[in-house]
Amino acid sequence: QKIKNLLLMALRLLLLALLVGAFARPYITQPTAQAAGGASVRNIVLLLDNSYSMRYGDTFAKMKAEAAKRIDAMSAGDRMSIVVFNDTASPLSMPTGDKAALEASLSTLEPSFGGTKYYEAFTMADRAFSQMGPGQKLLVMVSDFQRSGWNRSSHESVIANDVKTE
């Protein structure tokens with residue numbers, strides 16, 4: 001009788017452990033190449049706001065310094081694309097792992113007289129990610145985050161056409 005009770009208790013504990021494991025499944029991740037000893041590839045899009053509001057004080061200089069810091073922090077195998085935005089967005093550099101080329105592109109950047117529109121920046125970032133290969137995607141935005149840039153009124157029809165339902 002005692003052995004039967006111990007066996008029943010062991011089965012109940014096993015069932016409880018399986019339940020805990022089933023609920024914890026989303027939090028258990030596969031080991032990445034980085035954890036296995038290799039370097040994980042990161043695809044980075046650096047969004048830089050060069051709108052008129054960035055001319056205030058030393059905001060633009062701080063933005064360029066932060067961008068330079070992000071370029072220096074790239075690991076071997078990482079690829080970065082720099083996208084500048086104001087009323088429109090355009091790539092300042094194509095996806096590359098060459099830090100010198102990225103820093104050269106960054107040195108040519110000047111503030112514009114345009115306003116801020118984040119929709120264009122995110123659209124261009126999506127295009128840049130589609131040009132990059134497989135790997136972890138990292139989006140970094142350096143901006144003063146002007147509230148008017150979030151206004152979607154001029155793009156509501158465009159946004160409605162771009163929404164995909166799955």
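This is a predicted model: local features need pLDDT of at least 70, side-chain atom pairs count only at pLDDT 80 or more; totals for chains, interfaces and linings use all residues.
User: Which residues of α3 are buried?

Analyst: The buried ones are Leu102, Ser105 and Leu106. Viewed down the axis of α3, they fall within an arc of 100 degrees, so they line one face of the helix.

User: And what covers them?

Analyst: The cover includes β1, α2 and β2.

User: Where does Ser93 lie?

Analyst: Ser93 is in the loop between β3 and α3. Ser93 counts as buried because its relative accessibility is 7%, the limit being under 20%.

User: What does Ser93 touch?

Analyst: Leaving out residues up to four places away in sequence, Ser93 touches Met80, Ser81, Ile82, Leu102 and Ser105. A polar atom of the Ser93 side chain also lies 3.1 Å from the backbone nitrogen of Ile82.

User: Switching to the sheet. What is the strand order?

Analyst: The order is β3-β2-β1-β4, in an open sheet of four strands with mixed pairing. The edge strands, β3 (89-91) and β4 (136-142), each pair on one side only.

User: How do β1 and β2 pair, parallel or antiparallel?

Analyst: Strands β1 (residues 42-49) and β2 (residues 79-85) pair in the parallel sense, over seven bridges. Asn43 stands opposite Arg79 in β2.

User: Which strands does α2 touch?

Analyst: Helix α2 (residues 59-72) packs on the sheet and touches β1, β2 and β4. The direction of α2 makes about 175 degrees with that of β1.

User: How many salt bridges are there?

Analyst: The count comes to four. One of them joins Asp78 and Arg42, with the closest N and O atoms 2.9 Å apart. Asp78 is in the loop between α2 and β2 and Arg42 in strand β1, so this pair ties together parts 36 residues apart in sequence.

User: Is Asp78 buried or exposed?

Analyst: Asp78 counts as buried, at 2% relative accessibility. Arg42 is partly exposed, with a relative accessible area of 23%.

User: What does Glu66 pair with?

Analyst: Glu66 forms a salt bridge with Arg70, the closest N and O atoms being 2.8 Å apart. Because they are four residues apart in helix α2, Glu66 and Arg70 are separated by about one helical turn. Salt bridges that share partners join Glu66, Lys69 and Arg70 into one network.

User: And what about Asp58, what does its side chain meet?

Analyst: The side chain of Asp58 meets that of Lys62 in a salt bridge, at 3.8 Å from N to O. Asp58 is partly exposed at 43% relative accessibility, and Lys62 is exposed at 54%.

Note on methods
Residues are numbered from 1 along each chain as its sequence is written. Side-chain values use heavy atoms; hydrogens and water are left out. Two strands pair if DSSP finds at least two bridges between them. Helices (H or I, at least four residues) and strands (E, at least two) are DSSP runs, numbered from the N terminus. Contact means heavy atoms within 4.5 Å. Axes are lines fitted to C-alpha atoms, for helices over the stretch in contact, and angles run from 0 to 180 degrees between N-to-C directions. Buried means under 20% relative accessible area, exposed over 50%, partly exposed in between (1.4 Å probe, protein chains only). A polar contact is a pair of N or O atoms within 3.5 Å; within protein, one must be able to donate a hydrogen and the other to accept it, and residues adjacent in sequence count only if both atoms are side-chain atoms. The arc is that of the directions from the helix axis to the C-beta atoms.
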